[in-house]
Amino acid sequence: MTPFVDVLVVGGGPAGLAAAHAVTVARPALKVAVCERSDLRPRGAIVFLPPNGVRAIEAIRPSLKPALARHHTTHMKVRSFTPTGELKMSADDGGIMAKMAAQDGGERISIPWHTLQRELADALPSGMVHTHHRFLGYTETADGVLAEFATADGEVKQVEAKVLVGCDGGQSMVREQLLGDGPPKYLGLAIWRAVRPRPADWPVDEGGVSFGAPGQASALTHTIGGAGDMMAFQAFAPWPEDQLHVIGGGRQAYIQDAAIGPAAGSKGEERLQRALAAFDSYPKALKDLIATTSPSAVAEHGQFSRDVEQCQVYSKGRIALTGDAAHLATPFLGQGCSQALEDALELGRAIGVHGATPEALAAYASVRVPLASAVQAASLAMFRDFMQGKQGKSEFEINSEMGFTKRTFEPLAPAQAAPASAPA
Ligand SMILES: Cc1cc2nc3c(=O)[nH]c(=O)nc-3n(C[C@H](O)[C@H](O)[C@H](O)COP(=O)(O)OP(=O)(O)OC[C@H]3O[C@@H](n4cnc5c(N)ncnc54)[C@H](O)[C@@H]3O)c2cc1C
């Protein structure tokens with residue numbers, strides 16, 4: 001028999017898992033399933049939650065905030081260097097985060113992507129997250145949606161739902177089927193990301209170190225892991241479009257070397273060499289950090305985005321899009337994950353009021369399109385300045401001036417607050 005759920009979430013990244021939390025809080029009686037193509041193994045680097053993201057997760061489920069905050073690195077000495085290693089900026093006093101908090105009153109959390117995923121997944125009711133379920137497509141029925149997934153054992157599994165939420169990231173297949181508006185646009189940048197042990201000679205209290213200049217290769221490192229025993233780095237460099245195939249083509253793939261065999265290892269070595277070549281003229285500390293990272297830990301891909309004008313539809317009938325699937329921007333403003341969390345909150349709120357219905361999805365979209373569009377536009381503008389070598393405003397200044405980090409949210413109320421007439 002085909003399994004049936006009320007809300008079927010495709011994609012178990014921050015957007016999908018947070019959406020499952022929000023629906024579960026708002027309508028505990030609804031049946032929710034999250035289908036994720038991969039497993040939950042460590043991958044990616046670090047994501048940054050500015051105050052609006054922290055408030056959004058707290059509004060969804062208050063207990064999630066301390067669960068995430070305990071992974072935030074406490075040593076926040078921050079340094080910024082030019083490509084040739086001259087110090088541009090230094091804040092030694094635990095400083096920059098405290099200064100930002102003093103200015104906008106907001107708490108921030110930096111957390112490894114996979115830790116965020118794991119914390120969100122572990123806090124959901126057991127059996128809700130289905131790994132190794134790769135979305136293949138859906139069919140709309142008279143009163144629902146029938147979706148198909150490829151599972152690890154090679155079977156095709158069908159799941160029926162009242163509504164389907166596409167949270168399957170920047171290369172969303174749900175979006176492709178719903179809107180058919182083609183792949184995202186290549187931004188001319190390659191990115192390498194990894195989480196690795198902190199080298200013994202890298203100061204544990206160097207919370208955040210960046211190297212680079214507008215328009216050039218730039219790298220950002222963080223000590224992580226509570227005690228600072230691990231490090232994450234993300235390194236961006238201009239990369240020609242006609243060489244995109246070398247770094248994985250049009251896919252923003254974070255899953256590499258699933259099985260670490262000899263072939264995968266050699267590909268990892270090539271990724272590492274390309275990253276090193278991009279930072280060849282940079283300080284030795286950065287090059288050593290890249291060179292001593294295990295090749296299999298390095299993910300490499302092109303960076304993509306969509307224009308705001310292309311992203312004005314977040315729902316149609318029984319299908320909705322959230323997170324990167326809805327409004328893929330650039331990582332430069334540090335808002336990608338937080339926008340996914342804001343989406344999740346409003347989706348939960350709308351389902352709390354209207355049930356698992358097309359009305360709920362339309363209500364979610366009407367709240368979120370203008371808010372997420374403003375962030376997406378600012379992120380793309382910041383990126384353009386960077387690529388043109390303009391020393392524009394910092395991400396903190398833009399977020400603060402545009403009011404993004406000042407956003408506050410009503411806590412999600414459980415379903416009894418919904419009108420009695422609202423369908424389940
Ligand atoms: C593994 C990974 C690591 C990342 N690391 C970083 C990072 O270090 N720093 C940073 O700034 N951003 C990172 N990102 C991107 C960042 O998470 C997003 O920009 C943002 O948080 C929005 O999240 P999202 O859930 O919408 O999209 P994503 O985070 O991209 O999550 C989408 C999820 O959907 C799953 N999925 C995709 N296609 C299918 C399918 N056909 N069927 C089922 N599931 C599918 C993916 O495996 C993924 O888990 C990472 C994304 C991924 C997938």
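Here is a quick tour of the domains, their interface and the ligand site.

## Ground rules

This is a predicted model, with local features needing pLDDT of at least 70 and side-chain atom pairs counting only at pLDDT 80 or more, while totals for chains, interfaces and linings use all residues. Residues are numbered from 1 along each chain as its sequence is written, and side-chain values use heavy atoms, with hydrogens and water left out.

## Two domains

The protein chain is assigned domain 1 (4–72 + 111–183 + 306–417) and domain 2 (187–304); the bounds come from an automatic or database domain assignment. Their C-alpha centres sit 26 Å apart.

## Where the domains meet

Contact here means heavy atoms within 4.5 Å, and by that rule 22 residues of domain 1 touch 26 residues of domain 2. The two domains bury about 2000 Å² between them, with carbon and sulfur atoms giving 66%. That area is the accessible area (1.4 Å probe) lost on putting the two parts together, summed over both. Ile46, Gln171 and Phe386 supply 27% of what domain 1 buries against domain 2, more than any other three residues.

## Around the ligand

The ligand is surrounded by 28 residues, and the closest are Glu36, Ala45, Trp113, Phe135 and Asp324; to count, a residue needs a heavy atom within 4 Å. A backbone N or O atom of Ala45 is 2.6 Å from a ligand oxygen atom. For Ala15, a polar backbone atom is 2.9 Å from an oxygen atom of the ligand.

Note on methods
A polar contact is a pair of N or O atoms within 3.5 Å; within protein, one must be able to donate a hydrogen and the other to accept it, and residues adjacent in sequence count only if both atoms are side-chain atoms.
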